[in-house]
Amino acid sequence: MEKFGVAQSQKFDTYASRLLPREEYFTSGHRSCQGCGEALAVRWVCKAIGKDAIIAHATGCMEIVSSGWPQSAWMHPWIHVAFENTAAVASGVESGLKILARKGKLKGPMPKVVAMGGDGATTDIGLQALSGAMERGHNFTYICWDNEAYMNTGIQRSSSTPYGAMTTTTPPGKMSIGQHTQKKNMMAIAVAHKVPYVATASPSYLFDLYFKVRKAIETPGPAYIHVLSVCPTGWRSATDLSVRLGRLAVETGVFPLYEVVDGKYRMTVEVPKLRPVKDYLKPQGRFRHLREKELNFIQRYTLAQYELLLKKCESPYPEFPTVPLDEEPQEG
Amino acid sequence: MAVKAHRVGMEVSIAVSHAVQLARAEAIAAYPITPQTHIVEHLSSLVANGDLEAEFVNVESEHSAMSACIGMSATGARTYTATSSQGLALMNEILFIASAMRLPVVMTVANRALSGPLSIWNDHGDIMAARDIGWIQIFVENGQEAFDHSIMAFKIAEHYKVLLPTIINLDGFILSHVVEAMEFLDQETVDSFLPAYHPRFSLDPKHPVTMGAFAMPEVYTEVKMSHQMALVNSYERIQKVWDEFGDLTGRRYKPVESYRTKGAKVLLLTMGCLSEVAEEAVDQMRDAGLAVGLLKLRLWRPFPFEALRAAVGGTELLVVIDRALSLGGAAGPVLAEVRSAFYPMASRPQIVGYVIGLGGRDIPPETFKEVVAQAQAEAQQGPTAEYHIFGVRG
């Protein structure tokens with residue numbers, strides 16, 4: 001797999017976009033907000049998944065904007081059940097397909113199973129179902145659309161909301177700076193489940209996103225991809241800045257793009273020199289109440305976190321052992 | 001009897017899992033909860049030993065059990081699960097969605113009291129809290145009925161005109177853990193009775209569909225109406241499947257069963273395995289010269305209004321037994337339904353309701369005798385309460 005760094009990805013529209021699939025599986029006509037980074041991510045993730053796939057989607061922005069009966073933006077077979085159970089639904093789909101294939105009732109290639117949900121559906125209310133599905137080792141890919149709050153219900157905080165952000169349930173005031181907790185590290189949680197492929201991704205880096213999805217769905221067993229999805233409505237940012245903000249999140253070290261293959265961390269987009277986090281925070285109204293003190297704290301925390309990530313990438317030790325299949329004890 | 005059958009003595013839970021095996025369930029997702037455990041334990045071992053070709057998924061909660069069942073059924077696999085009490089309560093949210101999505105999951109509920117206080121023992125509080133989930137709901141009385149319905153439920157649920165998930169209610173412990181003699185069917189007979197499931201729509205990349213779209217106010221009511229019509233219309237199909245099974249095995253089922261009702265002035269109405277105790281009580285009362293009969297309500301949803309009215313006939317006094325409470329309400333769930341069934345009738349019996357047997361309280365035949373005596377007194381003097389909770393100490 002090629003590595004697409006900052007330099008390459010900045011030129012993608014000049015030479016390689018033609019190589020990516022032209023088929024649209026997440027079609028136009030849906031009702032997402034102007035400048036929705038998530039819709040862009042969904043469109044490209046669906047291209048990467050390819051035709052032979054089944055999608056289970058959680059309740060949330062993307063479900064609401066795309067599936068109002070009698071319309072649907074989804075060209076894949078697609079199922080929505082509830083908010084917190086998407087990983088469990090995907091477990092069921094994968095198990096159903098497995099038994100139908102075993103009994104000869106399923107003709108043709110085995111469809112890939114992909115579960116999708118927002119950060120609330122993933123890191124908060126759906127964490128148990130996701131933990132169960134990852135632990136059981138179902139062959140599926142889980143994709144989290146992380147727009148860092150409950151945007152569908154009106155910008156309430158989730159455990160994925162970053163420190164200092166203003167949301168409607170973490171309003172800054174005399175006694176509060178807004179969200180006072182740090183963003184939950186879902187990738188580490190997935191890695192702790194010994195998930196063989198875990199990655200962060202961003203629609204601002206399309207090749208990186210595209211190939212990570214390909215890797216994820218080709219990995220036997222569970223895979224987890226965490227996609228930062230810029231939300232102009234909730235982030236109080238200009239709608240024409242969504243792709244740019246996605247880049248700035250990476251270039252400032254706030255949202256590094258990396259993958260963890262069989263427990264081994266690796267940066268997929270290297271940033272030679274990090275920009276100051278202010279460059280990322282300033283265009284967003286949700287951070288505009290922050291004073292120098294908090295901005296400095298965010299800067300120091302971001303760097304400390306980034307350093308730790310680099311250390312993990314340099315570590316010769318994987319996060320969990322992998323034993324080749326033929327060394328496992330035989331059944332019977 | 002035209003079919004090969006053999007008589008076995010077995011714990012009812014184990015018999016249910018064998019019936020599910022004979023029905024060739026393909027996908028099972030379950031989470032352990034007392035007193036449902038023996039069913040899923042035995043199914044796991046049937047799968048582990050290769051005696052049942054199925055995917056058994058040990059999910060991390062009942063909420064995920066029902067969610068996984070929806071995913072399984074949506075691919076077109078014949079899907080089964082079992083639960084009880086808190087487990088049924090935890091999956092409550094998803095139960096409504098399974099029926100609204102018209103996925104024919106079959107589930108056994110080993111009925112158990114709801115917490116609190118915590119109680120692992122039997123009553124009907126769990127299923128009554130899930131009364132309005134839009135599933136077909138059947139109560140069984142003994143091991144044979146549990147075995148038979150565990151096969152028939154798939155045939156009912158999967159019929160293209162029904163396509164509704166189905167619950168078989170089985171009283172926890174006092175039925176689920178009892179060893180009974182039952183007539184088993186062989187695989188050939190079950191295969192001839194129950195064809196493979198071929199859904200018209202499933203999650204298939206060759207024919208992509210969107211399942212679980214949301215509805216705006218313009219269509220929500222219409223969707224609910226179609227669900228209501230499907231559930232009401234399933235009545236006919238349920239009776240057809242019962243008749244077909246009766247032709248095959250000689251065991252005939254009806255939505256409301258009558259026991260010694262001829263000439264009865266008082267009728268008891270019960271559900272589940274309590275009916276067997278009530279039969280015993282009716283026998284004793286008949287021997288003592290009392291004109292008491294028994295109605296056994298097998299079909300709870302869709303509710304058999306006409307069949308119930310016909311079975312009650314011109315009886316003067318109907319004594320309805322509930323094993324669940326509707327706290328602060330007008331009646332226990334069964335009593336409320338029965339009163340509602342008779343309210344529009346020009347001639348109707350006096351209806352008195354008793355709640356008995358909560359949280360595993362043992363019900364001997366004497367309880368029914370006392371209940372009938374009290375109900376007769378109440379009928380004479382006029383109602384003293386909306387309903388009565390019988391046998392409260394202190």
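Guide: Buried has a cut-off: 20 or more other C-beta atoms within 10 Å of the residue's own, while 12 or fewer make a residue exposed and anything in between is partly exposed, with C-beta atoms placed from the backbone. Before we go on, this is a predicted model, where local features need pLDDT of at least 70, side-chain atom pairs count only at pLDDT 80 or more, and totals for chains, interfaces and linings use all residues. Residues are numbered from 1 along each chain as its sequence is written, and chains are lettered from A and ligands numbered from 1 in the order in which they are written.

Visitor: What makes side chains point two ways?
Guide: In a regular strand, side chains alternate between the two faces of the sheet.

Visitor: How do you know which strands pair with strand 14 of chain B?
Guide: Two strands pair if DSSP finds at least two bridges between them. Strand 11 (residues 266-270) of chain B has four bridges with strand 14 of chain B, in the parallel sense, and B:L267 stands opposite B:L318 there. Strand 15 (residues 350-355) of chain B has six bridges with strand 14, again parallel, with B:G353 as the bridge partner of B:V320.

**A sheet and its helix**

Visitor: What makes strand 3 and strand 13 of chain B edge strands?
Guide: Start with the sheet: seven strands of chain B form an open sheet in the order 3-2-4-5-7-6-13, with mixed pairing. Strand 3 (55-58) and strand 13 (299-301) of chain B each pair on one side only, and that makes them the edges. Neighbouring strands of this sheet are turned by 20° against each other on average, direction ignored. Angles run from 0 to 180 degrees between N-to-C directions, and axes are lines fitted to C-alpha atoms, for helices over the stretch in contact.

Visitor: How do you know that strand 2 and strand 4 of chain B pair?
Guide: Strand 2 (residues 27-30) and strand 4 (residues 79-83) of chain B share two parallel bridges, and at least two is what the rule asks for. B:A27 stands opposite B:T79 in strand 4. Helix 2 (residues 37-48) of chain B packs on this sheet, touching strand 2, strand 3, strand 4 and strand 5 (106-111) of chain B. Its direction makes about 135° with that of strand 3.

Visitor: What makes residues of chain A and chain B count as in contact?
Guide: Their C-beta atoms, placed from the backbone, must lie within 7 Å. By that rule, 40 residues of chain A are in contact with 38 residues of chain B. Helix 5 of chain A gives the largest share of chain A's side, 13 residues. Strand 2 of chain A also pairs with strand 9 (residues 210-211) of chain B, parallel over two bridges, and A:W78 has B:T210 as its bridge partner.

Visitor: How is the packing of helix 5 and helix 7 of chain A described?
Guide: Their axes come within 7 Å and cross at roughly 35°.

Visitor: Why is B:A100 called partly exposed?
Guide: B:A100 has 17 other C-beta atoms within 10 Å, and that count falls between the buried and exposed cut-offs. B:A100 lies in helix 5 (residues 92-100) of chain B. Leaving aside neighbours within four places in sequence, B:A100 is in contact with B:G134 and B:H227.

Methods
Two residues are in contact if their C-beta atoms, placed from the backbone, lie within 7 Å.
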